[in-house]
Amino acid sequence: MTQQNGASPYGTLPPASAPATRKPVSLPRLQEMHARGEKITMLTAYDATFAAVADAAGVECILIGDSLGMVCQGLSSTVGVTLETMRYHVESVTRGVRRVQGTAWIIGDMPYGTFHESKEQAFRNAAVLMQAGAHMVKIEGGGWTAETVRFLVERGIPVCAHLGLTPQTVHALGGYRVQGRGDEAAATLKRHAVELQDAGASLLVLEMVPAALSAEITQALPRCATIGIGAGVDCAGQVLVLHDMLGVNLGKNPKFVHNFMAEAGSVRGAMEAYVKAVKDGRFPVNAQHAW
């Protein structure tokens, strides 16, 4: 597939043999960015090509999210995604990143049912994703998950936690609703965030959380960078589902999503615009996401 002028619709990529133009993103580097207040950028990707484009566009973190169940497999939720499916997509993304730049930090989602039974079960399944190429795994939920996070971190597996709207438990939450409204719910969410930081989580996705609460949690976590999705501009970084920010999803975009492809000439251009908007603090706009 090419555009009429012969250029790739993905945007120009460096050849596979080209040297990296930035140092590989590491956990210490992410921690340094957080300490100096530089925004961290994250996008989902599920295959080699889009992962390579995201890496070349300067995205620091690539998340192979179990959102692939909805955007790639056509499922109604993420609950049906299996560990084998995640392993396959982590391997694909890893090949794409290594082929071009080899610099992005790769995060593999732990799917539903792969870490709930025991800490030992969580380690076995996290090891599958790490062996497939992930640098870090992501685990949804708070409270009981802190012990699991500590168990993994003590065994050398970096962890990204996930609070707020947790899609794997969407049925228990009553749908895709904003979380942390009201004093009690806000206090619980903030307590869980601190517990996860103390357990060793290095990143924390906050999904569909009121902007003011996200700002409070971000300030309360000096050692754990918050990554917002529909959670306001004051998080330490931002993440979007790739298909959402390109305007090619199967349903209606959430109101916190911006279609970066609409103003760009290529997929890479859209990703570069997203990175710049996050770095400059122009995305998201708090007034639009105060819930």
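At what angle do helix α6 and α8 pack, and how far apart are their axes? In this predicted model, helix α6, which spans residues 145-154, packs with α8 at an angle of about 20 degrees, and the axes of the two are 8 Å apart.

**Packing of α6 with α8**

- Because angles under 35 degrees count as roughly parallel, the angle of about 20 degrees makes α6 and α8 roughly parallel to each other.
- The crossing in which α6 passes α8 is right-handed.
- On the α6 side the contact is made by Thr145, Ala146, Val149, Arg150 and Val153, and these meet Glu195, Leu196, Asp198 and Ala199 in α8.
- By class, the residues of this contact of α6 with α8 comprise five nonpolar, one polar and three charged.

**Packing of α5 with α6**

- Helix α5, made up of residues 119-132, packs with α6 at an angle of about 50 degrees, and here the axes lie 9 Å apart, an arrangement that makes α5 oblique to α6.
- Where α5 passes α6, the crossing is right-handed.
- From α5, the residues Lys119, Glu120, Ala122, Phe123 and Ala126 meet Glu147, Thr148, Phe151 and Leu152 of α6.
- The residues of the contact of α5 with α6 are divided by class into five nonpolar, one polar and three charged.

**The largest pocket**

- The largest pocket holds about 650 Å³ of space, and of the 31 residues that line this pocket, Ser67, Met70, Glu207, Val241 and Asp244 are the closest to its centre.
- At least two residues of the lining of the largest pocket are supplied by each of α3 (68-71), β4 (136-140), β6 (203-207) and β8 (237-240).
- In terms of class, the lining of the largest pocket contains 16 nonpolar residues, seven polar residues and eight charged residues.

**The second largest pocket**

- For the second largest pocket the volume is about 370 Å³, and among the 21 residues that line it, those closest to its centre are Gly141, Gly142, Gly164, Thr166 and Leu173.
- Two or more residues of the lining of the second largest pocket come from each of β5 (159-164), α7 (170-173) and α8 (183-199), with α8 giving the largest share, four residues.
- The lining of the second largest pocket is divided into eight nonpolar, eleven polar and two charged residues.

Notes
Residues are numbered from 1 along each chain as its sequence is written. This is a predicted model: local features need pLDDT of at least 70, side-chain atom pairs count only at pLDDT 80 or more; totals for chains, interfaces and linings use all residues. Side-chain values use heavy atoms; hydrogens and water are left out. On a 1 Å grid over the protein atoms alone, a cavity is a set of points where a 1.4 Å probe fits but cannot get out, and a pocket is an open set with protein on both sides within 12 Å along at least five of seven lines; lining residues have an atom within 4 Å of a point. Grid points are joined across faces, edges and corners, and a volume is the space filled by probe spheres set on the points. Ala, Val, Leu, Ile, Met, Phe, Trp, Tyr, Cys and Pro count as nonpolar, Asp, Glu, Lys and Arg as charged, and the others, Gly among them, as polar. Axes are lines fitted to C-alpha atoms, for helices over the stretch in contact, and angles run from 0 to 180 degrees between N-to-C directions. Angles under 35 degrees count as roughly parallel, over 145 as roughly antiparallel, 65 to 115 as roughly perpendicular and the rest as oblique. A crossing is left-handed if the near helix is turned anticlockwise from the far one by less than a right angle, and right-handed if clockwise. Contact means heavy atoms within 4.5 Å.
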